[in-house]
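Work through the exercises below with the sequence and the structure open. Each task is followed by a solution in steps.

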Amino acid sequence: MEKQRTPEETDRERRLKWFREARFGMFIHWGLYSQLGRHEWVMNRERIPIEEYERLADTWKPKPHPARWWARLAKLAGMRYMVMTTKHHEGFCLFNTQCTDYNAVKRGPGRDLVAEFVEAARAEGLRVGFYYSLMDWHHPDGARCKNDEAARKRFVEFTHGIVRELMTNYGKIDIMWYDVNWPLTAEEWEAEKMNRMVRELQPDIIINNRSGLPEDFGTPEQHITPEKGGRMWEACMTFNESWGYTPIDTRYKDAWQIVSMLRQVAAGGGNLLLNIGPAPDGSVPEVCEEELMKVGKWLQEYGPSVYDATDPMHQDWLITGAFTRKGQTLYFHCNRWPGSELAIGGLQCRVLRTRLMNGPEVPFTQTENRLVVRGLPESAPNPLCTVIEVEVEGEPKQVLGAGYVLIENDPWR
């Protein structure tokens, strides 16, 4: 018997419904660190004094409305939501705040960059998320709050005040994405009180797990690991190895890798939040644009195998690809094309038919431990990943394990 949901669980599922269906989002890390181009932790890693780093606030002059291209690019890439840094660890606020003069309106940019982001995302029909770093290297109480109660109270009041502004001044916000709750515990942050305030102001919002409380969804970083028990999760990944603009970091992911990650998150019932690190003027690295456009074109052809196919299925690895599943339809994402025949071992269900997704049926033979799809094109119809639909009967499961047993009495031969 299915466990009955509590009112809190029912409300959480209501708020998460769109997020579970979104599958793919754009993360934007943009701040003063973008001008230095040496990673978003450059202030900390290079021990740049606050007085020296603060000068970057007056030299930052982004071009007009770069977020409009980010949002358009996200839409073309098949993304359904965007999350932008409103304040990173450096402490500089990209929005109009009354809590500190260290912000984009009063310093170099001379305008509210978060307001521009929200306007751009909404214009493309994308959901809006705010990243906010609890850790703050600039605020005088940012570190001393751990051992000084008066400092803690001041810093918590500052933090709650800024979060209130973010939840009040920009209309409907879909995601509150906290980061790094060092140096305080959830109790010391008064996180329960803070998040209750967030929900009072934004009743439909979802909140991540980085304020020290589990909240609505998990956030594995730089790895794809599903949460247990059906809990929603989102893998946040960089395009290269950095979050902020770092042109010396040239190991970018290509479209093949991104499509593979999309299959992996879909199979685990999660989302992929893929980061771009815009240049100081707001332009997107050319390689990111090129690869995202390829991904978007692939999703136009095979989108349902990622957006909709999130039913769980036990499966083992194959060098040629892996599955997603929607009910009795399996989608085999073949990202290393074998030629005219594809063999899949260990499929523990009866196959009824196979076909190229959006294409013709193809013949197959099945034994108890082996499915062979025949008559395929010699070259991959889509070099990024060609999807083969497999319609089955019974509960889909693929079991191979490390050993090998040849089954002599094969009822499906």
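Strands are DSSP runs of at least two residues, numbered from the N terminus. The model is a predicted one.

**Exercise 1.** Locate Thr-219 and decide whether Thr-219 is buried or exposed.

Solution.
- Thr-219 sits in the loop that runs between strand E5 (206-207) and strand E6 (234-237).
- The cut-off for buried is under 20% relative accessible area.
- Thr-219 has a relative accessibility of 8%, so Thr-219 is buried.
- The side chain of Thr-219 makes a polar contact of 2.7 Å with the side chain of Asn-209.
- Beyond neighbours within four places in sequence, Thr-219 contacts Trp-177, Asn-208, Asn-209, Arg-210, Glu-234 and Cys-236.

**Exercise 2.** List the buried residues of helix H5 (residues 67-76) and find what they pack against.

Solution.
- Ala-67, Trp-70, Ala-71, Leu-73 and Ala-74 are the buried residues of H5.
- These residues lie on the same side of H5, because their arc around the axis is only 160°.
- Their packing partners are strand E1 (24-28), strand E2 (81-87), helix H6 (113-123), strand E7 (271-276) and helix H11 (286-302).
- Just after H5 comes Gly-78, with a positive phi of about 90°.

**Exercise 3.** Describe how H5 and H11 pack.

Solution.
- A pair of packed helices is described by the angle between the axes and the distance between them.
- For H5 and H11 the angle is about 35°, and the axes are 8 Å apart.
- H5 contributes Trp-69, Leu-73 and Leu-76 to the contact, while H11 contributes Glu-289, Leu-292, Met-293 and Gly-296.
- By type, the residues of this contact are five nonpolar, one polar and one charged.

How values were computed:
Residues are numbered from 1 along each chain as its sequence is written. This is a predicted model: local features need pLDDT of at least 70, side-chain atom pairs count only at pLDDT 80 or more; totals for chains, interfaces and linings use all residues. Side-chain values use heavy atoms; hydrogens and water are left out. Helices (H or I, at least four residues) and strands (E, at least two) are DSSP runs, numbered from the N terminus. Buried means under 20% relative accessible area, exposed over 50%, partly exposed in between (1.4 Å probe, protein chains only). A polar contact is a pair of N or O atoms within 3.5 Å; within protein, one must be able to donate a hydrogen and the other to accept it, and residues adjacent in sequence count only if both atoms are side-chain atoms. Contact means heavy atoms within 4.5 Å. The arc is that of the directions from the helix axis to the C-beta atoms. Axes are lines fitted to C-alpha atoms, for helices over the stretch in contact, and angles run from 0 to 180 degrees between N-to-C directions. Ala, Val, Leu, Ile, Met, Phe, Trp, Tyr, Cys and Pro count as nonpolar, Asp, Glu, Lys and Arg as charged, and the others, Gly among them, as polar.
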